[in-house]
2 protein chains.
Amino acid sequence: MVENNIDKEFVTIIKIGGNIIDNPAELASFLADFAALEGKTILVHGGGKSATKLAQSMGLAPQMIEGRRITDAPMLEVVVGVYAGQINKEIVARLQANGLNAMGFSGADGNLILSDKRNHATIDYGFVGDVKKVNTNLLASLLDNGITPVFCAITHDGKGQLLNTNADTIASELAIALSAIYDVTLIYCFEKPGVLFDAEDDNSVIEAIHPDLYSKLKAEQAIHSGMIPKLDNCFNSLSKGVQQIRIGHHRMLQNKRATYTTITL
Amino acid sequence: MVENNIDKEFVTIIKIGGNIIDNPAELASFLADFAALEGKTILVHGGGKSATKLAQSMGLAPQMIEGRRITDAPMLEVVVGVYAGQINKEIVARLQANGLNAMGFSGADGNLILSDKRNHATIDYGFVGDVKKVNTNLLASLLDNGITPVFCAITHDGKGQLLNTNADTIASELAIALSAIYDVTLIYCFEKPGVLFDAEDDNSVIEAIHPDLYSKLKAEQAIHSGMIPKLDNCFNSLSKGVQQIRIGHHRMLQNKRATYTTITL
C-alpha cells in the first residue's frame, strides 16, 4: 500500500528514448526543459540508432533469435561505448552547460544498479541484464548533494561483467527503490502525446488511468496491445510505492497545457 | 613550500597507460593489486590502442599536423566512446568485482575537471583540452564516502563541449588539487621499472631523484630527452604541494622489493 508521503521530498525520474536522442533539435529542447525542472531529478536514456549504425560501420551484423536482438560480446562493446560513453557524456556535458551538476552513470559505477545476466530456458540473450538491486543509499546521497544522476542502459553483475539492460526497466527500478525515501514521479517520454484511445489519433489522449479504468479499457480492447505490458509495468511500479507515473511527449515538461497520461492507483 | 602534512589523510593517485590497458593479463594483475591498496585511491587511465583500431575500422584516418595528433569531431566521438565508455566501464566493473566501490568519471561528470580548449598560435589541435580547474570539494566528498574515482582522459569546457585531455596531466592536476586536503602520492605506471641512468638497461633504475640530483643528471646529459618534460612536470607538481611521486612498473604495487624511482623535493 502507498503511504501518505506528505513529508517526503520529491524526486522526478525521466526516461527518454531514441526519438529525442536521435534528433539534435529535440534533444537540445529537452535538455533545456529538463535542466529547468525544480527539485531533485534523474535522467535515464536509451540508446537511439547510433549503436546500430556504428555496429554496421564495423561490419557487425545484428544477431537476432526468435525476433529478439541478442547482445553478443562485440555488440556489448559497441553499446557500452555508445550508451555509457558517447551519449551519456554528451548529455552530461550539455546539462552542465545548462547549469545542472549532472553526473553520468552505468549500473557498475558505485554499484548503483546490480543485475543478473538473463537466464532464459530457450533463448540465450547474451549479455543482457535484469535488474536485481539498486544502491539506494548512495543514489540518495548523490541527490542530497545536488547531483543530477544521468543513467545509461548498462548495468553489471558484480562479478566484472557489464550487461545491456532495458532503459524503461532501469527507470522503473530506480523509481521503486527511491520510493522508500522520496515521493517519486516517473515520466516516460515517447513520440506520442500520451496513451491514446485510438492509436491513430493523437487527439485521443487518455488523461488519467487508474486500475478500474484500466480493467475496463482492457476488457473493451480499447488499448492497443503494445501498450499493455507498459501499463502493467506502470501499475506494478505504483503498487511498489511510486507515487505517480506520466506517459507522453517531452513537451509536457515545458508547456503546462500539453496533454499527457497520468497513471495512479 | 610543502607543509608538514602529518595530520592529513593519505590519497594515492595511480596513472596507467596503454601497456597495461592493451594487455589482458597485465590489466587483471594490475586491477587486483590496485584493489588491494590501503587507504583512499584514485585511478587515471589513458587510452591504449583500441581507439586507433576502432577509428581505422570505421575508415577514419588519423589527422596529424606537424607530427601532432589532431582530435577532430569524428575522432572525439571515437575516443569518448572508447575511453569514457568501453575502457572506463570495463575497469569500473572489474574493480567492483575486486571489492572496490569504483565510480567512473569524465571531467564533465560532476564538473570534476574543467578544461579550456587548447588555443595554439599555429596548430589547431581540435577538441583537445588543457585542465583549468578541479572540483576538489566534490572529489573529496566522494573519497570520504568510500568511492574510488576512476578517471578517463576526457574533460569538458563547461559550455557543452567534451575535450580529449592528456591522462598524465589529469593525474598531476588531480594530485595538485587534492594536496590542499590530503597527503598525496602520485604514481605513474609505465613499461619500465623506473627512470633509468641508461635507457637500454632496465637494471639502471635511479632510486631517488631530488632537485640537486636532477640538475646534475641534466647537466651530464644522463637522462634521455623524452624523460625531461615528464620530470619537469613532476617537480612542478611537487612544488604545488604533491608529497611524493613514483615512476615505475606496476609490479611495484605488489612486490615491495621491486625497484622504482621516487621523486621528491
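1. In chain A, helix α4 is followed by Gly99(A), whose phi is positive, near 90°. The model is a predicted one, in which local features need pLDDT of at least 70 and side-chain atom pairs count only at pLDDT 80 or more, while totals for chains, interfaces and linings use all residues. Residues are numbered from 1 along each chain as its sequence is written, chains are lettered from A and ligands numbered from 1 in the order in which they are written, and side-chain values use heavy atoms, with hydrogens and water left out.

2. Helix α4 of chain A comprises residues 73-97, 25 residues in total, and reaches 35 Å from its first C-alpha to its last, close to the 36 Å expected at 1.5 Å a residue. The expected span is 1.5 Å times one less than the number of residues; helices (H or I, at least four residues) and strands (E, at least two) are DSSP runs, numbered from the N terminus. α4(A) bends by about 35° at Asn88(A), the bend being the angle between axes fitted to the seven residues ending there and the seven starting there.

3. The N-terminal end of α4(A) is capped by Asp72(A), a side-chain oxygen of which lies 3.0 Å from the backbone nitrogen of Met75(A). Of the 25 residues of α4(A), 19 are buried, so the helix is largely enclosed by the rest of the structure. Here buried means under 20% relative accessible area, exposed over 50%, and partly exposed in between (1.4 Å probe, protein chains only).

4. In chain B, α4(B) likewise bends by about 35° at Asn88(B), and Gly99(B), with a positive phi near 90°, follows the helix. Asp72(B) caps the N-terminal end of α4(B), with a side-chain oxygen 3.1 Å from the backbone nitrogen of Met75(B).

5. How are the two chains related? The same surface serves both copies, as 100% of the contact residues of chain A recur in chain B.

6. At the interface, 36 residues of chain A are in contact (heavy atoms within 4.5 Å) with 36 residues of chain B. The two chains bury about 2600 Å² between them, 64% of it on carbon and sulfur atoms. Gln86(A), Lys89(A) and Met103(A) supply 20% of the area that chain A buries against chain B, more than any other three residues. Buried area is the accessible area (1.4 Å probe) that two parts lose on being put together, summed over both.

7. Phe151(B) lies in strand β8 (residues 148-151) of chain B and counts as buried at 0% relative accessibility.

8. Asp168(A), in helix α6 (residues 167-178) of chain A, counts as buried at 17% relative accessibility. Leaving aside neighbours within four places in sequence, Asp168(A) is in contact with Lys15(A), Tyr188(A) and Lys230(A).

9. Ala61(A) is found in the loop between α3 (50-57) and β3 (63-65) of chain A and is exposed, with a relative accessible area of 53%.

Methods. Polar contact = N/O pair within 3.5 Å; in protein donor to acceptor, adjacent residues only side chain to side chain.
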